[in-house]
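Hi everyone, thanks for having me.

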Amino acid sequence: MIYLDYNATTPLCDEAREAMLPYLDRHFGNPSSVHAAGREARAAIDVARDKLAALLSAKPNEIIFTSGGTESCNLAVLGLARCQSSRGGHVISNKAEHHAVLNTFEHLEKHEGFEVTWLDVSENGIVDLDQLAKSIRPETRLVSIMAANNETGVIQPMHEISQICRERGVLLHSDMVQSFGKIDVDLSLVDSASFAAHKFYGPKGAGFLFLRSGLSIQPMLFGGSHENQRRPGTENVAAIAGMAAAAEFVEQDQEKEHEQERQTKLRDDLWNRISASIPEAKLNGDKARRLANTLNVSLLGLDSEMLLIALDLEGVCASSGSACMVGSVVASHVLLAMGLPIEHARSAVRFSLGKWTTSDEIKATGNAARKIVDRLKNRKSAYAVA
């Protein structure tokens, strides 16, 4: 099996697995209990929080543990937007966001009286900075722009976005789920940011929200006083320990830059192989401002679902975009937001690479893509003649 869907989820690294095992076995206590077993579990959470804060140059109390990226995005958007008054207000995002942000803004718009400004993105997937600056009003409460897109890998100009929001005194949240371990994450640019462990070789079901000190947030859940009364519920101790270990694994300074260079070469090699043998292939997203591991291509005239099934039969795991739509294959809302024709969106395939992707796998995938396209074209031609 050739796995090229790292943006959907990554394999669990050995470091995370080893960190988790003690809390799946002997150290099983509830971290809110006062006895020795509980204190052992609480210590693991405290250590994990300290590790993540150190890696991100944040304060430990600015880290809120959650169940993953979706909850982190929901908590940031709802919690910050609702905090300033009971109902109504103005918030800003764009239609190329992950559904964890997109659908949350739509909820605020439809059910809580908020007005939403949806920013345009260019054909390359970059947010319109002039429109952002002009859209901010005195009543604007929150801007949410993802740092790197999960489908195209396009990296937003967060320094410029941050400057616009800072000058106008507006809170800025960023979905950084796809950023951590791939590009430098600068939390000084934002007021809150969302992360998910299983995108950086940690376990599924764990994530965290960075929330700048001094900011208030309304909780979405109600119960105990966990996470400083911001996110109630007994913590997933094993997953939190594994998440911190995985974060250290991907953020090793000496290896991170080399790994990104390696993945860039592999990604570009795959594109060169596909574009050389499939003239109809179109690259989606900005060529320069893109994650090293992400290649989104439209194979015009062919259907995404058919392509993914054919790739799977050839032993290649890829996707058509977000993996959060429960197995559905639909036209990419991200590509449509970029103004690309519907036929581009319906024929898009995303290949996302990772630490264990090899050059032999890239070569085999290029060959498989050429073989599949030739076969599907011949089949369509045969049907047309018949």
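Let me begin with a definition: two strands pair if DSSP finds at least two bridges between them. Helices (H or I, at least four residues) and strands (E, at least two) are DSSP runs, numbered from the N terminus. This is a predicted model, where local features need pLDDT of at least 70 and side-chain atom pairs count only at pLDDT 80 or more, while totals for chains, interfaces and linings use all residues. Residues are numbered from 1 along each chain as its sequence is written, and side-chain values use heavy atoms, leaving out hydrogens and water.

Now, an example of pairing. Which residue in S5 is the bridge partner of isoleucine 92? That partner is valine 143. The strands S3 (residues 89-94) and S5 (residues 140-144) run parallel and are joined by 3 bridges.

Zooming out, S3 and S5 belong to an open sheet of 7 strands, with mixed pairing, in the order S2-S8-S7-S6-S5-S3-S4. At the edges stand S2 (63-66) and S4 (114-119); each has a single partner strand, so one side of each has no neighbour in the sheet. From one strand to the next, the twist averages 20°.

Next, the helices that lie across these strands. Helix H2 (residues 36-55) lies across S2 and S8 (207-211), at about 120° to S2. Helix H4 (residues 99-111) lies across S3, S4, S5 and S6 (171-175), at about 140° to S4. Those angles run from 0 to 180 degrees between N-to-C directions, and the axes are lines fitted to C-alpha atoms, for helices over the stretch in contact. Contact means heavy atoms within 4.5 Å.

What about the inside? A nonpolar core is a set of buried Ala, Val, Leu, Ile, Met, Phe, Trp, Tyr and Cys residues joined through side-chain atoms within 4.5 Å, and buried means under 20% relative accessible area (1.4 Å probe, protein chains only). The largest core has 60 residues, and Phe65, Leu187, Val190 and Phe195 touch the most other members. Helix H8 (237-250) is one of the elements supplying at least two residues of this core; H8 gives the most, with 9 residues. Another core, of 28 residues, lies apart from it and includes Leu4 and Ile362.

Finally, the whole chain: there are 13 helices and 12 strands, and buried residues make up 56% of the 386 residues.

Note on methods. Buried means under 20% relative accessible area, exposed over 50%, partly exposed in between (1.4 Å probe, protein chains only).
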